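This report concerns the salt bridges, the nonpolar core and the surface charge of one protein model. Please consult the sequence and structure shown here.

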Amino acid sequence: MRHIKLLTITLSSFLLQICIVSHAQSITQPGAAEQALVSQFPPQSIDSVERANAALALVPAARQEIARRVAYQRAKCYEDFFTSSCLNDLRDTERVANKAVRRVEVEANALLRRERAAERDRAVAEREQRAAEQRAKSISITGTARNADQSATDEPAAPVAPAE
């Protein structure tokens, strides 16, 4: 009788360990969209506007997949005996998955922000250059410039009659 109880306890603990290990493996497996995003855009690989836009286009799908997987796993956790432990593991896994997606998103947004700033700087430099060219072409209307223009044409300036 004692052997049967011991065998039952050993068997139940073994089955419980199998459930915990299989549960931990199912939580930690990344989804297809998340895995594609992280593998397609490793760190420091976003180097063009096109790649940044492509990465940002994949981010919502990866986030939805993470949320869907977490919701499914959360429901599975409530079926387990060790619910709190399962939920803690799930939160940790969700945090890691979102961190990977966030890294790609931040890198893409940073590149786009730098490109927009560079474009603004180019536009300002172009406007300043056009303004400088325009200033160089324009004739000054100050008195000394007007008098210099008249002396250059060798025409005497018209005498100004004193006002009475």
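The model is predicted, so local features need pLDDT of at least 70 and side-chain atom pairs count only at pLDDT 80 or more, while totals for chains, interfaces and linings use all residues. Residues are numbered from 1 along each chain as its sequence is written, and side-chain values use heavy atoms, leaving out hydrogens and water.

A salt bridge is a side-chain nitrogen of Lys or Arg within 4 Å of a carboxyl oxygen of Asp or Glu. The count by this rule is eight.

| Glu 105 | Arg 63 | 2.7 Å |

Because Glu 105 lies in helix α4 and Arg 63 in helix α3, their pair ties together parts 42 residues apart in sequence. Helices are DSSP runs (H or I, at least four residues), numbered from the N terminus. Glu 105 is buried at 15% relative accessibility, whereas Arg 63 is partly exposed at 32%. Here buried means under 20% relative accessible area, exposed over 50%, and partly exposed in between (1.4 Å probe, protein chains only). Arg 63, Arg 102 and Glu 105 form a network of salt bridges.

The largest nonpolar core has 19 residues; such a core joins buried Ala, Val, Leu, Ile, Met, Phe, Trp, Tyr and Cys residues through side-chain atoms within 4.5 Å. Its largest share, nine residues, comes from α4.

Arg 120 also lies in helix α4 (residues 83-137) and is exposed, at 53% relative accessible area.

Methods: Helix = DSSP H or I, 4+ residues; strand = E, 2+ residues; numbered from the N terminus.
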